[in-house]
Amino acid sequence: FYSCPKLATVYLVGGIHNTVASLHLDSWRNEMKGEINRINHVLRNASALEKTPVVRNWMGSVIRLLDHFKVEHKAMLKEATTLLELALWKADLNE
């Protein structure tokens, strides 16, 4: 982005929007959307020399946040699976 001093807006394409939409909690989706949109506010105030590091840092932040929510999602699924297994086991004992 060193050759793009007027860069002011980043549009993400591809599957990330579907990934964000599939996050389990509204708060997660809202936090991801906020982080994705943050770059366009930051770029407006960044100098030409700052744009590349700003975009790189932002990309890393988006990836880390998404990875965090994926780990949390897996933990929630594991807990739900365990509860379901216990409920089925208890129901089997009661029969």
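The following legends describe close-up views of a predicted model.

View 1. Helix α2 comprises residues 26–45. At 1.5 Å a residue, its 20 residues should span 28 Å, and the end C-alpha atoms are 30 Å apart, which agrees with that expectation.

**View 2. The salt bridge between Arg 29 and Asp 26.** The structure holds 2 salt bridges, and one of them joins Arg 29 to Asp 26. The closest N and O atoms of this pair are 1.8 Å apart. Both residues belong to helix α2, where they stand 3 residues apart, about one turn of the helix. Arg 29 has a relative accessibility of 18% and therefore counts as buried, the cut-off being under 20%. Arg 29 is also among the residues touched by Val 20 of helix α1.

**View 3. The salt bridge between Arg 38 and Glu 35.** The side chains of Arg 38 and Glu 35 meet in a salt bridge with an N to O distance of 2.7 Å. Because the two residues are 3 residues apart in helix α2, about one helical turn separates them.

**View 4. The surroundings of Glu 35.** Glu 35 lies in helix α2. When its neighbours within four places in sequence are left aside, Glu 35 is in contact with Trp 58, Ser 61, Val 62 and Leu 65. Helix α3 covers residues 51–94. Glu 35 counts as buried because its relative accessibility is 13%, below the 20% limit for that class.

**View 5. The largest nonpolar core.** This core contains 18 residues, of which Met 32, Ile 39 and Leu 43 touch the most other members. The elements that give two or more residues to the core are α1 (16–21), α2 and α3. Helix α3 gives the most, with 7 residues. Ile 39 is in contact with Val 10, Val 54, Val 55 and Trp 58, leaving aside its neighbours within four places in sequence.

**View 6. Val 20 on helix α1.** Val 20 lies in helix α1 and is buried, with a relative accessible area of 3%. Not counting residues up to four places away in sequence, Val 20 touches Arg 29, Met 32, Lys 33 and Ile 36. Among these, Met 32 is one of the residues that touch the most other members of the largest nonpolar core. The C-alpha atoms of Val 20 and Ser 61 are separated by 14 Å, the two residues being 41 residues apart along the chain.

**View 7. Thr 52 on helix α3.** Thr 52 has its place in helix α3, which covers residues 51–94. This residue is buried, with a relative accessible area of 3%. Beyond its neighbours within four places in sequence, Thr 52 is in contact with Phe 1 and Tyr 2.

Definitions and conventions:
Residues numbered from 1 in each chain as written. Predicted model: local features only at pLDDT ≥ 70, side-chain atom pairs only at ≥ 80, totals over all residues. Heavy atoms only, no water. Helix = DSSP H or I, 4+ residues; strand = E, 2+ residues; numbered from the N terminus. Buried < 20%, exposed > 50% of the residue type's maximum accessible area, 1.4 Å probe, protein only. Contact = heavy atoms within 4.5 Å. Salt bridge = Lys/Arg side-chain N within 4 Å of Asp/Glu carboxyl O. Core = buried A, V, L, I, M, F, W, Y, C linked by side-chain atoms within 4.5 Å. Expected span 1.5 Å × (residues − 1).
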